[in-house]
Amino acid sequence: MSAGARPASAARPAPPGLVDALCAIVGPERCLSRPAELVAWECDGLTLHGSPPAAVVLPRDKHEVARIVRACRRFGTPFVARGAGTGLSGGAIALEGGVVVECAKLDRILSVDVENRIAVVQPGVINAALSAAVRPHGLFYAPDPSSQLACTIGGNVAENAGGPHTLKYGTTTNHVLALELVLPDGELVKLGSATGFAPGPDLVGAVVGSEGTLGIVVEVTVRLVPLPEATETLLALFPDVVSACRAVGAVITSGLVPAAMEIVDRRTIEAVEASVYAAGLPRDAGAVLLVELDGPAAALPGQVERIRALCAAEGARVQRARDEAERERFWRARKGAFGAMGRVAPDLYVHDAVVPRAKLPEVLERVGAICDRLGLPLANVFHAGDGNLHPNISFDRRDPDELARVIAAGREILETCVAAGGVISGEHGIGIEKRDYMCLVFDESDLEAQRRLRAAFDPDGVCNPGKLLPAPRFCAEANPKARGYDRVPL
Ligand SMILES: Cc1cc2nc3c(=O)[nH]c(=O)nc-3n(C[C@H](O)[C@H](O)[C@H](O)COP(=O)(O)OP(=O)(O)OC[C@H]3O[C@@H](n4cnc5c(N)ncnc54)[C@H](O)[C@@H]3O)c2cc1C
């Protein structure tokens, strides 16, 4: 890898005739192919990886998507769906000179059924826009990634996105009832049922989290949830991250189920307070724990007092949001944390892994030791209630030595989480970033089963190739002793 460069694949021009065929479907103004036009689609939120597409097309309806896919097939060109490009694992970049099918213009909420609490949306609908649209009906869409002002429902479905409120409400997969998909051969199919009950295997479940490798999602039927009667938001200020993690464990053990429990460490507090997201968080706190409770108004005061006592037992001072404006300020600070960290250095590597909640204190200490040893600045902001860590490393990718240390730290962090009984991604997906780390958690036969599922949808491997799964036998060759690969017959 050369200094400052992404490990990018070289530009590969579209085969003769493909761009004309795509322009004939969407019109020249929604079909981009000049190199200068394509720069914005070279990478997603993970700037470490980049690859120029052969072309970018912006369809407006599902029939255009199907025709684009069929055109790509005719020219033997791979394709990849893209939403807002906020993904953090390189999932939406086009490898091998593929075509990007940008779904942002499929942005209509097609119907809202208040009685049955469902909505049917196109994939380019912005996550926060859906909740805003159904709020007058007393409803909301529960999965709330911190990127919700930008990211799309299609991208959320592909990544099985989570968010701060996953602790109580679950991830995207718990809220998707049915999907319409353009298969990799251009056929339109409907999966699942708006009732939530569909006979046969759970194909919706297979598509959610498949990172755009099984087809292009063109319609999503989602579950809506009633707005809670009351909400209480607490800010607990701890001397350090480890005591905050212990308080999280104590709250869950007590039987309480907060809607969210989020930890922000000191380095992140400093970055947030120096940014437009500043919320008056005390810079002398070692860590802040944001706890949200929601439910019947009569039930909350008692829960607030129990949480206060459990946090105080770990050395925290606890304050309560006095009104909606203060609550929103606390959340703006939390949800703006990655953006604020982005000001600290030219590059930010946002890691994503999950460990059993009880292991949080121990794993965080180890992650801190890894970054100290490698001389890298570490900041933590994470979904503590779920054990979903986001160690953030600020760096400058133009410095080859620093870049090498960042990559080494990433691998060690993942190995540490897996050794603690965790997994290599909670919500940001595998993409290209962690494709070759899949062997830390799956053996060759697990991966082969996943390859066979993918081949059932995409036998020719044209839909977002090079993502999610390592090449066959990569794991065995790269790491033959891990999880008994040396015993797998090759
Ligand atoms: C500041 C910040 C905060 C974030 N916080 C969170 C968080 O709290 N929780 C969380 O889960 N994630 C978070 N993310 C990551 C990211 O926002 C999510 O992964 C999100 O779901 C990506 O949506 P997108 O529309 O940007 O998708 P993209 O980045 O455009 O694409 C992501 C993947 O989805 C596929 N895809 C997109 N559209 C379709 C479609 N129509 N059909 C099939 N496949 C499709 C792409 O091929 C790609 O593999 C954060 C990112 C940032 C930058």
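Glu180 is part of strand E8, which spans residues 176–182 (strands are DSSP runs of at least two residues and helices of at least four, numbered from the N terminus). The model is predicted, so local features require pLDDT of at least 70 and side-chain atom pairs pLDDT 80 or more, whereas totals for chains, interfaces and linings use all residues. Residues are numbered from 1 along each chain as its sequence is written, and side-chain values use heavy atoms, without hydrogens and water.

With a relative accessible area of 7%, Glu180 is buried (under 20%, 1.4 Å probe, protein chains only).

The ligand is surrounded by 36 residues, of which Ala81, Gly83, Thr86, Ser147 and Thr152 are the closest (a heavy atom within 4 Å). Oxygen atoms of the ligand lie 2.6 Å from a polar side-chain atom of Thr86, 2.8 Å from a backbone N or O atom of Gly87 and 3.3 Å from a backbone N or O atom of Gly91. Of the 980 Å² of accessible area that the ligand has on its own, the protein covers 94% (Shrake-Rupley method, 1.4 Å probe). Strand E3 (79–82), helix H5 (153–159) and strand E10 (216–223) are the elements that give two or more residues to the shell; the largest share, 5 residues, is from H5. Domain 1 (18–102) and domain 2 (109–226) each contribute at least three residues to the shell, with bounds from an automatic or database domain assignment.

Methods
Buried < 20%, exposed > 50% of the residue type's maximum accessible area, 1.4 Å probe, protein only. Polar contact = N/O pair within 3.5 Å; in protein donor to acceptor, adjacent residues only side chain to side chain.
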